[in-house]
Amino acid sequence: IEFDTFAALQSHVESSHEAGDPIAKYVCPYDNQEYSSLADLKAHLESSHLKAEAQPGVITLIINEKPTVVKVKDNWTLAYVLREKLGLTGTKRGCDEGACGVCTVMMDNRPVLSCMVLASQAAGSSIVTIEGLAQEDQLDPVQQAFLENDGLQCGFCTPGQIMTAKALLSFKNNPSVDEIKEFLGGNLCRCGAHPNIVKAVQAAS
């Protein structure tokens, strides 16, 4: 069971487990360290994470389902933080003005241009990057479809294309060619691979 606050966790433990049904372990949501008691988990959170978040410029992002604490400056974009501070270089930087789509990531289940989102604006949000799609050694179906249908050439725009296609297919099954072209209209491919990109999205649907 997961809880949004420590107080909620403590209340649940006191009402459901203190009299019986003992809990074997408590897991820190920030770094997955395990503790045998609620007191130990609380001490770890207070010393390692909660004080850090209270500092100016320190935010928490849920990156590919993992809570990540990072210190940011007011003018840093989400794209900059993902690449330069967190090492997630699958997200590309192109125009830096929201015109090319190469920096597209998912934020709270919506595609966003990460060069146009300040990192501070994304605080507390769930972010999915291209690195978060594959499961271990199994590519996501959209990634596999791009590979099998030659939906790329140089590959620079591919992460953004895939993230946008993933967003489209999350709410639209079997989109038409026109629907695919319209939804991916903001994702530019300078190599001219658009016909195969459309085929890849159709194959993944």
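The crossing of helices α5 and α7 is right-handed; a crossing gets that label if the near helix is turned clockwise from the far one by less than a right angle, and the left-handed label if it is turned anticlockwise. Helices here are DSSP runs of H or I with at least four residues, strands are runs of E with at least two, and both are numbered from the N terminus. Helix α5 covers residues 158–171 and helix α7 covers residues 194–204, and the two pack at an angle of about 40° with their axes 11 Å apart. That makes α5 oblique to α7, since angles under 35 degrees count as roughly parallel, over 145 as roughly antiparallel, 65 to 115 as roughly perpendicular and the rest as oblique. The axes are lines fitted to C-alpha atoms, for helices over the stretch in contact, and the angles run from 0 to 180 degrees between N-to-C directions.

The model is a predicted one, in which local features need pLDDT of at least 70 and side-chain atom pairs count only at pLDDT 80 or more, while totals for chains, interfaces and linings use all residues. Residues are numbered from 1 along each chain as its sequence is written, and side-chain values use heavy atoms, with hydrogens and water left out.

Back to the helix pair. On the α5 side, the crossing of α5 and α7 has its contact made by Gln-161, Ala-165, Leu-168 and Leu-169, and on the α7 side by Ile-197, Val-201 and Ala-204; contact means heavy atoms within 4.5 Å. These residues of the contact of α5 with α7 split into 6 nonpolar, 1 polar and no charged, where Ala, Val, Leu, Ile, Met, Phe, Trp, Tyr, Cys and Pro count as nonpolar, Asp, Glu, Lys and Arg as charged, and the others, Gly among them, as polar.

Helix α5 has another partner in α4, residues 141–148: the axes of α4 and α5 come within 9 Å and cross at roughly 125°. That makes α4 oblique to α5, and the crossing of α4 and α5 is right-handed. Here Val-142, Gln-143 and Phe-146 of α4 meet Thr-158, Gln-161, Ile-162, Ala-165, Lys-166 and Leu-169 of α5. The residues of the contact of α4 with α5 come out as 5 nonpolar, 3 polar and 1 charged.

Gln-161, in helix α5, turns up in the α5 contact with α7 and in the α4 contact with α5. Gln-161 is buried, with a relative accessible area of 1%; buried means under 20% relative accessible area, exposed over 50% and partly exposed in between, with a 1.4 Å probe and protein chains only. Not counting residues up to four places away in sequence, Gln-161 touches Phe-146, Leu-184, Asn-187, Leu-188, Cys-189 and Ile-197.

Cys-189 is itself buried, at 10% relative accessibility. The sulfur of Cys-189 is 4.0 Å from the closest cysteine sulfur, in Cys-157, which is too far for a bond. With a disulfide taken as a pair of cysteine sulfur atoms within 2.5 Å, the count comes to 0 disulfides. Cys-103 is in no disulfide either, and the nearest cysteine sulfur, that of Cys-115, is 3.7 Å away. Cys-103 is buried too, with a relative accessible area of 3%.

Zooming out, the protein chain has 7 helices and 7 strands. From the N terminus on, its elements run α-β-β-α-β-β-α-β-β-β-α-α-α-α. Of the 205 residues of the protein chain, 38% count as buried. Among contacts between residues at least 6 apart in sequence, 48% join residues at least 24 apart.

In helix α3, residues 78–85, the buried residues are Leu-78, Ala-79, Val-81 and Leu-82. The buried residues of α3 pack against β3 (58–63), β4 (66–71), β5 (104–107) and β7. Ala-119, in the loop between β6 (110–113) and β7 (126–128), is buried at 0% relative accessibility. Its contacts beyond four places in sequence include Leu-78 and Val-81, along with Trp-76 and Thr-77. Ala-119 and Thr-77 are 42 residues apart in sequence, yet 5.0 Å apart in space, C-alpha to C-alpha.

Some backbone angles also deserve a mention. Most residues other than glycine have a negative phi. Asn-64, in the loop between β3 and β4, has a positive phi near 50° and is buried at 19%. Asp-108, in the loop between β5 and β6, also has a positive phi, of about 50°, but is partly exposed at 41% relative accessibility.
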